Amino acid sequence: MDLGFTDADWGAIWLTLKLATVTTGLLLLIGTPIAWRLARTRAWWKGPVAAVVALPLVLPPTVLGFYLLVALGPNGPVGSLTQSLGLGVLPFTFWGLVVASVFYSMPFVVQPLQNAFEAIGDRPLEVAATLRAGLWDTFFTVILPLARPGFLTAAILGFAHTVGEFGVVLMIGGNIPDETRVVSVQIYDHVEAMDYAAAHGLALGMVVFSFLVLWALYHFNPTRPRK
Amino acid sequence: MKSTPLFLAVMAMTAAVTVRAAEVSVAVAANFTAPMKAIAAGFEKDTGHKATLAFGATGKFYAQIRNGAPFQMLLSADDETPARLEREGLTVAGSRFTYAVGSLVLWSSKPGYVDARGEVLKQGDYKKLALANPRLAPYGRAAMEVLAGLGLTETATPRFVLGENIAQTYQFVSTGNAELGFVALSQVMKEGRVASGSAWIVPGKLHAPIRQDAVILAAGKDNAAASALMAYLKGDKARAIMGTYGYE
């Protein structure tokens, strides 16, 4: 099927899918314990931590991108650390985008998980405890099945939001083919270079993709009226 | 009855002032940000007109103007975009002229990193070289010409990081994320000298001249402030300001 995409376009598509997959995987690993703690605690730090996790929802990407550029750069605190570990600096690399995307998409993963965990309540966990189930046993046989819709929502939203990322990538990516030039940046380049035909192809692809993803989300997770 | 001529005179003066103090909205190429702020301040003081400035990438301005953005003047980063807008009938015919010729500089935020002859490029022990996206920005195209002329395209390309415009390219270098970058001389020059870091001012013969054209857009037709600003850009005061930022 010829969609009129160039090799550079396909490179950007592949890179975007890779970035979203890696980011979603990491976010499920990191986000699950955070969401669990947030769901189960009444400690004073619940509010501040929840607020930090939600910050990317309200901050413009320019703020996040700017601070990441400064912090991850050779003169920044994180940059100094990564350099002393022999890892170099993260901006302009794929893994730099992964770090940025993990921050940027964090609320889209943590919040559905937290809601799902809160909905489980104390009862199933107490029952599991009386049956002497260990932590991992409880997680895989009680929590995971009960919170499955939450995990599905978190994974889909985390993935889709990373695919739709633009501002942060523009600010710390440096537009390197097959490394940091994702689809949204490629579209932007086509538009800026006045190549509107090429921009349309990719942009329409994004619209269709996003629509299908959200449709899938509502299909698997129908919101039923509460009784 | 005596008051009538006075009243009329006051009316006439008020009307004259209203006509005279017009306002013009100007789209300005990112590389011209610093000098334009200084020029606009002088322009407002000297003429009483007001200039509202928007800074950004020329390509983006082009798209916005084509789609009805209310800019009345464009100070472009190149000479192609104004010519193209003129062909498309979106400008005031005959208003286009070259307001500045830009200079390219190889710059690092580290003092002593770039030598006066740009040998650092040939030694090639840098990790990242920032330049404006050559597909979008004239300063990026000029940088590519310089690299090609020095026979360094192949060794440099894998280390490119591309800024969306020259302002972003500057950001990459000034934060130290790229050790080296091709930016506009106007971005690193203050009061006639390079203000920080180290730099090689690329000789103009190594690339085609970066001619930056200005044009009055269709929305600025009959706007007194627009034609006044065009005249002001040609005047000595504006030329002197441009000179201190390294424009010819």
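**Exercise 1. Explain why H2(A) and H5(A) are described as roughly perpendicular to each other.**

Solution. Helix H2 (residues 46-58) and helix H5 (residues 94-120), both of chain A, pack at about 110°, and their axes are 7 Å apart. Here axes are lines fitted to C-alpha atoms, for helices over the stretch in contact, and angles run from 0 to 180 degrees between N-to-C directions. Helices (H or I, at least four residues) and strands (E, at least two) are DSSP runs, numbered from the N terminus.

This is a predicted model, in which local features need pLDDT of at least 70 and side-chain atom pairs count only at pLDDT 80 or more, while totals for chains, interfaces and linings use all residues. Residues are numbered from 1 along each chain as its sequence is written, and chains are lettered from A and ligands numbered from 1 in the order in which they are written.

The crossing of H2(A) and H5(A) is left-handed, a term used if the near helix is turned anticlockwise from the far one by less than a right angle, with right-handed used if clockwise. On the H2(A) side the contact is made by A:Val53, A:Ala54, A:Pro56 and A:Leu57, and on the H5(A) side by A:Phe103, A:Tyr104, A:Met106, A:Pro107 and A:Val110; two residues are in contact if their C-beta atoms, placed from the backbone, lie within 7 Å. By class, this contact has nine nonpolar, no polar and no charged residues, where Ala, Val, Leu, Ile, Met, Phe, Trp, Tyr, Cys and Pro count as nonpolar, Asp, Glu, Lys and Arg as charged, and the others, Gly among them, as polar.

**Exercise 2. Describe how H5(A) packs with H8(A).**

Solution. Begin with the geometry: H5(A) and helix H8 (residues 148-163) of chain A pack at an angle of about 160°, with their axes 8 Å apart. That angle makes H5(A) roughly antiparallel to H8(A), and the crossing of the two helices is right-handed.

Turn next to the residues that meet, which include A:Ser101, A:Phe108 and A:Leu113 in H5(A) and A:Gly150, A:Phe151 and A:His161 in H8(A). By class, the contact of H5(A) with H8(A) has nine nonpolar, eight polar and no charged residues.

Finally, consider A:Ala119, which lies in helix H5 of chain A. A:Ala119 counts as exposed because it has 12 C-beta neighbours inside 10 Å; a residue is buried if 20 or more other C-beta atoms lie within 10 Å of its own, exposed if 12 or fewer, and partly exposed in between. Its C-alpha is 9.9 Å from that of A:Gly150, although A:Ala119 and A:Gly150 are 31 residues apart in sequence.

**Exercise 3. Find out how many residues of H10(A) are buried, and what they pack against.**

Solution. Nine of the 10 residues of helix H10 (residues 183-192) of chain A are buried, so this helix is largely enclosed by the rest of the structure. Among them are A:Val183, A:Ile187, A:Tyr188 and A:Glu192. The buried residues of H10(A) pack against helices H1 (7-40), H9 (167-173) and H11 (196-220) of chain A, together with helix H3 (58-66) of chain B. Just after H10(A), A:Met194 takes a positive phi of about 65°.

**Exercise 4. Work out the strand order of the open sheet in chain B, and the place of E1(B) in it.**

Solution. Five strands form this open sheet, in the order E2-E1-E3-E12-E4, and the pairing is mixed; two strands pair if DSSP finds at least two bridges between them. Strands E2 (50-56) and E4 (97-102) of chain B stand at the edges, each with a single partner strand, so one side of each is left without a neighbour in the sheet. The twist averages 20° from one strand to the next.

E1(B) and E2(B) pair in the parallel sense over seven bridges, and the bridge partner of B:Val26 in E2(B) is B:Leu53. Strand E1 (residues 23-29) of chain B also pairs with strand E3 (residues 73-75) of chain B in the parallel sense, over three bridges, and B:Val28 stands opposite B:Leu75 in E3(B). Six of the seven residues of E1(B) are buried, so this strand is largely enclosed by the rest of the structure.

Notes:
Parallel < 35°, antiparallel > 145°, perpendicular 65-115°, else oblique.
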